[in-house]
There are 2 protein chains.
Amino acid sequence: MSSPLHILVSNDDGIDAPGIYALVMELRKIAEVTVVAPDKQQSAVGHAITVNYPLRAVPFRKNNEFFGYAVEGTPADAVKLGVRFLMKTKPHIVISGINHGSNTAINIIYSGTVSAATEGTILGIPSIAVSLTTYKEADFSYAAKFAARLALLVAEKGLPDRTLLNVNIPAVPENQMRGVMITRQGKSTWDDTFDVRRDPANREYFWLTGNMNVIDTDPDVDQIAIRNLYISVTPIHYDLTDGQMLEAMKGWALEKLR
Amino acid sequence: MSSPLHILVSNDDGIDAPGIYALVMELRKIAEVTVVAPDKQQSAVGHAITVNYPLRAVPFRKNNEFFGYAVEGTPADAVKLGVRFLMKTKPHIVISGINHGSNTAINIIYSGTVSAATEGTILGIPSIAVSLTTYKEADFSYAAKFAARLALLVAEKGLPDRTLLNVNIPAVPENQMRGVMITRQGKSTWDDTFDVRRDPANREYFWLTGNMNVIDTDPDVDQIAIRNLYISVTPIHYDLTDGQMLEAMKGWALEKLR
């Protein structure tokens, strides 16, 4: 690396969230850090980008000093705007997080945290998504330290084109963690239900709820590794072609459908 | 199949778009059809779902008769609400489209059309996303016919768990199409730029623009097949684990990062 390490940080919990603050404070010890993040919480936005509306970015201050740019948009918007417009040079690494809550199994598809890192990867930058696996009040300090160490390793090793790392860290004290595991994305999905309610004008509305239906049992699956108190590091990519099905479909005689 | 074919149709262009209308009219010839679609255009929403706001669904009429349910939400919301709440029985197939514009290469990641079909797959239903590859005024009739024939084939053959079909149809007269090709997702991405403007109050804002930077050349890539006037059928899945990288990372000694 010819110039000092420069890291772009984003998230989906919004620029004022405690997870991004802990991450930035830790990363500033090892790198120049630019923060470009949504101005407000953007959970479950998937890989949304804003094409039909304008984006805005305003300086955001914290502790009476400039902290980063707050973008009225999605996590992917923030990373795109950061890399393509706000930053003078391309960052060496993009880190998204630290998310307050896990991003494992099917949730990777819905995750705004992962989406910001995916956008970094699309832009040709090694990228990492980091989540702390609790929805309760949490201490992000160990997760931030781990993220910083992993950033240095990724800066050294690089990542393949179109591959990013999805990291989940158990929300337990450091001495209770059992190790770091390279994992696979789990297959579990949600048993969605819709809570039916009535607004003050007596119109029906629905609120999405439900439980994760955990079907995996293998220890090297992201969700199970977390349950077993391992830090989970999953290499993911967005080459979505199903090669096996592609071969199988050659027997389908699709030409007959014309 | 024990009961008559029942198809759930959604899209991302909104329930009033001409593409979904053409598709529904054609599918009604072969199946019972339920339409649950966003109430307005939702392009580039990726796999967003609504978790922090309530959803609403209202009956939508077209030509003085009930056409389907208009959902204030994303394409994935519409499919989830349709399958989990509005429909009495699970549909046999979910079809999303017909999108007005192509969904190939990196655009698959951003696509609301593909997202609706992905949600169908997550819910365990064989699903198909269909796009007509033009942004100009278009005739959806041939694409709708092809989608209906493919739906019948998928009803017969089934699809593997977690695999869906992403179909793109060239916007040319039927006699100019050269065939149907089973394709791979292309690797092309966007050369994004942000157009900087000032609003009436002189505040800066940004508008995303740019061109697709086509890097693929192989004839069996979605984008290239379309260019060569083939109907492109890509089997895609959302098992995002990068197996090759997973093996490579075993040499990274991640345990040392603790």
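The model is a predicted one, in which local features need pLDDT of at least 70 and side-chain atom pairs count only at pLDDT 80 or more, while totals for chains, interfaces and linings use all residues. Residues are numbered from 1 along each chain as its sequence is written, with chains lettered from A and ligands numbered from 1 in the order in which they are written.

Helix H2 of chain A covers residues 75–86 and helix H4 of chain A residues 112–122; they pack at an angle of about 25°, with axes 7 Å apart. Axes here are lines fitted to C-alpha atoms, for helices over the stretch in contact, and angles run from 0 to 180 degrees between N-to-C directions. From H2(A), the contact uses Pro75(A), Ala76(A), Ala78(A), Val79(A) and Lys80(A); from H4(A), Gly112(A), Thr113(A), Ser115(A), Ala116(A), Glu119(A) and Gly120(A). Two residues are in contact if their C-beta atoms, placed from the backbone, lie within 7 Å. By class, five residues of this contact are nonpolar, four polar and two charged. Ala, Val, Leu, Ile, Met, Phe, Trp, Tyr, Cys and Pro count as nonpolar, Asp, Glu, Lys and Arg as charged, and the others, Gly among them, as polar.

Chain A as a whole has seven helices and eleven strands, taken as DSSP runs numbered from the N terminus (helices H or I, at least four residues; strands E, at least two). Its C-alpha atoms fill a box of roughly 60 × 55 × 45 Å along the principal axes.

Arg184(B) lies in the loop between strand S8 (179–182) and strand S9 (189–198) of chain B. Arg184(B) counts as buried because it has 23 C-beta neighbours inside 10 Å. Leaving aside neighbours within four places in sequence, Arg184(B) is in contact with Thr241(A) and Leu246(A), and with Asp220(B), Val221(B), Asp222(B) and Thr234(B).

Key. A residue is buried if 20 or more other C-beta atoms lie within 10 Å of its own, exposed if 12 or fewer, and partly exposed in between; C-beta atoms are placed from the backbone.
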